[in-house]
Amino acid sequence: MKKLLPVLAIALTIVASICARPSRAQLIPSAKKASHVQITEGPALESAQETWAIITWTSNNPGGSDEHFGVVHYGTDSKDLSQTAKSHIRLNQQHSYTVFRVRVMNLQPHTTYYYTVDSMNPDGTSDGVKSPVKQFATR
C-alpha cells in the first residue's frame, strides 16, 4: 500500500497536467477596432545602410486583431510606391498606442527612396492610416 500511494499521486499529477485547460481569464478577446487610426509620431528613418533601411512610426492603437502588420510602400519615384515591405507586430491591448518598425530590404546603394506607411490586419485590410510621402537615401 505504501508503494501504491506515490504511484497514484504521480499518475494523478500526469493526468491533471494533460487534461488541464487554460482558464477563460487567460484568453483575451480582440480589442474593439479604433474608429480613427492616426499617426502620432513619424514616420522616420531609424537607420539606413547600403541595402536596407528601418522605418518607424507610432499610431494610436488600431484595435481589432492582436496580429497586425506595419507596412511601408516605397520606390525610387515619389509617384510610384509600388514596392512593399511589411513587418509582423502583436498589439498590446493595454497600451493606447502602437510603435511600428519595418525593415526594408534589397535596396540599391546611394539611392534616394520615397515611402509612405500604413498598418493592416492579417487579412490585408488597412487600418485606414497613411502617412504623407517621405524620403531617405541609402549609403
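How many of the nine residues of strand E3 are buried? Eight of them are, so E3 is largely enclosed by the rest of the structure. The legends below start with the whole fold and then zoom in, and everything in them comes from a predicted model.

**View 1**
Of the 139 residues in the protein, 34% are buried. Take the contacts between residues at least 6 apart in sequence: 61% of them join residues at least 24 apart. The protein exposes about 9200 Å², and carbon and sulfur atoms supply 55% of that area.

**View 1. An open sheet of four strands, in the order E4-E3-E6-E7.**
The pairing here is antiparallel. Strand E4 (83-90) and strand E7 (134-137) are the edge strands, and each of them pairs on one side only. On average, neighbouring strands of this sheet are turned by 30 degrees against each other, direction ignored. Something to keep in mind while looking at strands: in a regular strand, side chains alternate between the two faces of the sheet.

**View 2. Strand E3 and its two partners, E4 and E6.**
Here's the strand from the opening question, spanning residues 67-75. Eight bridges join E3 to E4, and the two run antiparallel. Seven bridges join E3 to strand E6 (residues 112-120), again running antiparallel. To find your bearings on the E6 side, look for Phe69, which stands opposite Met120. On the E4 side, look for Glu67, which stands opposite Arg90.

**View 3. A closer look at Glu67, a residue of strand E3.**
Glu67 has a relative accessibility of 25%, so it counts as partly exposed; the buried class needs a value under 20%. How far apart are Glu67 and Arg90 in sequence and in space? They are 23 residues apart along the chain, yet 4.9 Å apart in space, C-alpha to C-alpha. Setting aside residues up to four places away in sequence, Glu67 touches His88, Ile89, Arg90, Asn121 and Pro122.

**View 4. Asp66, in the loop between strand E2 (53-60) and E3.**
Is Asp66 buried or exposed? Asp66 is buried, because its relative accessible area is 14% and the cut-off is under 20%. The side chain of Asp66 makes a polar contact with the side chain of Gln93, at 2.6 Å. Leaving out neighbours within four places in sequence, Asp66 is in contact with Ile89, Arg90, Leu91 and Gln93.

Most residues other than glycine have a negative phi, and most peptide bonds are trans. With that in mind, check the bond that joins Gly42 and Pro43: it's a cis peptide bond, with omega about 5 degrees. Pro43 is found in strand E1 (residues 39-48).

Next, head for the loop between strand E5 (97-104) and E6, where Asn106 is found. Asn106 isn't a glycine, but its phi is positive, about 60 degrees. Asn106 counts as exposed because its relative accessible area is 71%, and exposed means over 50%. His110 also has its place in the loop between E5 and E6. Phi of His110 is near 55 degrees, a positive value in a residue other than glycine. With a relative accessible area of 68%, His110 is exposed.

How values were computed. Residues numbered from 1 in each chain as written. Predicted model: local features only at pLDDT ≥ 70, side-chain atom pairs only at ≥ 80, totals over all residues. Heavy atoms only, no water. Pairing = 2+ DSSP bridges. Axes fitted to C-alpha atoms, helices over the stretch in contact; angles between N-to-C directions. Buried < 20%, exposed > 50% of the residue type's maximum accessible area, 1.4 Å probe, protein only. Contact = heavy atoms within 4.5 Å. Areas by Shrake-Rupley, 256 points an atom, 1.4 Å probe, with all protein chains shown as cover. Polar contact = N/O pair within 3.5 Å; in protein donor to acceptor, adjacent residues only side chain to side chain.
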